[in-house]
Amino acid sequence: MERKKRSGAWEMSHLGAAALAALIFCAFAAAGEDAGGAISSFEEPSIEMPFLLLQIQADLQGSLEDLDMAVAKASGDLSASGLEGDGAREVLRGLLAENSDLVEAVTFSEEGKILVAECEGCEGGEGEDISGQEHIAQILRTKNPTFSGQFLLVEGYHGTAIAYPVISPEGKFIGGISAILKPEELMDALVAPKLRFDTSTRSNITDYSFWSMHLDGLIAYDRDESQIGKLLFEDPLYQPFSSLLDLGERIVAERAGHGYYTFQVTEEDERVVTKESYWTTVGLHGREWRIIVTRIVD
């Protein structure tokens with residue numbers, strides 16, 4: 001199915017494509033230089049990696065924007081139906097039925113209490129006060145849509161939310177809608193076919209791997225599932241690897257780039273290897289995720 005055109009969407013894909021295209025040429029010019037802060041004398045950087053990353057970026061950014069438009073539409077529908085009752089439930093159920101990457105959707109009052117919750121087994125969330133969640137507090141304060149960081153839901157699992165205010169037909173703010181996605185499940189669906197790895201065993205039959213990091217250093221996704229949820233700059237696992245920490249600082253500071261670092265093959269496989277990496281950015285409503293493709297070079 002052809003993807004809908006997105007009005008007002010971030011130009012991340014175009015910016016990332018331009019940056020990474022430039023990096024392809026710069027990488028050859030800088031081949032043998034110390035791109036990661038402590039590593040040199042490698043084979044020429046991979047040409048395939050940036051293009052693979054751009055494909056993942058386009059798919060992931062497109063999926064986020066499609067979900068964002070779906071939540072925005074549901075917000076408009078709730079303006080007409082109201083935030084409670086059968087009408088609201090019908091809107092939320094339709095949103096989840098049409099967008100399989102969303103695992104939960106709730107409406108909340110102007111005080112930040114859950115009014116209606118739709119997902120398998122999430123009825124217990126209704127009536128909960130979620131005004132303290134950062135993205136809900138932002139909606140209540142600014143009345144603008146938001147894309148959250150990863151947080152613990154009242155149902156007991158971690159997710160990321162796309163939230164929109166709901167404005168009544170009379171123009172009054174009456175609350176909002178928050179829809180939850182699990183980043184690792186979204187990325188599994190998009191990345192595994194590109195890198196051809198088994199999502200149940202996390203085994204990879206190609207030379208490439210992939211991970212994603214929030215700007216606070218949270219590992220949001222990794223082929224090595226045990227690393228998801230760790231903080232790069234704080235977790236003891238990463239502290240012995242200064243080149244990884246240095247590159248992590250660059251990844252936070254730069255929206256796209258190329259570099260090398262040393263680290264274990266996986267948390268289970270403690271062999272220390274050198275990895276080449278390219279990274280770029282996806283995001284919504286001012287919040288950015290860094291996405292990184294890597295390969296073992298030594």
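Q: With which side chain does the side chain of Ser226 make a polar contact?
A: This is a predicted model. In general, look for paired N or O atoms within 3.5 Å. Here the partner of Ser226 is the side chain of Asp224, at 2.8 Å. The Asp224 side chain also makes a polar contact with the side chain of Gln227, at 2.8 Å.

Q: Where does Asp224 lie?
A: Asp224 sits in the loop between strand E8 (219-222) and helix H6 (242-253).

Q: Is Asp224 buried or exposed?
A: Buried means under 20% relative accessible area. Asp224 has 11% relative accessibility, so it counts as buried.

Q: What separates the C-alpha atoms of Asp224 and Val265?
A: Their C-alpha atoms are 9.1 Å apart, and the two residues are 41 residues apart along the chain.

Q: Now the helices. At what angle do H2 and H3 pack?
A: Helix H2 (residues 48-81) packs with helix H3 (residues 85-98) at about 165°, and their axes are 9 Å apart. That makes H2 roughly antiparallel to H3, because angles over 145 degrees count as such.

Q: Is the crossing of H2 and H3 left-handed or right-handed?
A: H2 and H3 cross in a right-handed sense.

Q: Which residues in H2 and H3 meet?
A: From H2 come Ala70, Val71, Ala74, Asp77, Leu78 and Ser81. From H3 come Gly87, Ala88, Val91, Leu92 and Leu95.

Q: How do the residues of this contact of H2 with H3 divide?
A: There are 8 nonpolar, 2 polar and 1 charged.

Conventions
Residues are numbered from 1 along each chain as its sequence is written. This is a predicted model: local features need pLDDT of at least 70, side-chain atom pairs count only at pLDDT 80 or more; totals for chains, interfaces and linings use all residues. Side-chain values use heavy atoms; hydrogens and water are left out. Axes are lines fitted to C-alpha atoms, for helices over the stretch in contact, and angles run from 0 to 180 degrees between N-to-C directions. Helices (H or I, at least four residues) and strands (E, at least two) are DSSP runs, numbered from the N terminus. Angles under 35 degrees count as roughly parallel, over 145 as roughly antiparallel, 65 to 115 as roughly perpendicular and the rest as oblique. A crossing is left-handed if the near helix is turned anticlockwise from the far one by less than a right angle, and right-handed if clockwise. Contact means heavy atoms within 4.5 Å. Ala, Val, Leu, Ile, Met, Phe, Trp, Tyr, Cys and Pro count as nonpolar, Asp, Glu, Lys and Arg as charged, and the others, Gly among them, as polar. Buried means under 20% relative accessible area, exposed over 50%, partly exposed in between (1.4 Å probe, protein chains only). A polar contact is a pair of N or O atoms within 3.5 Å; within protein, one must be able to donate a hydrogen and the other to accept it, and residues adjacent in sequence count only if both atoms are side-chain atoms.
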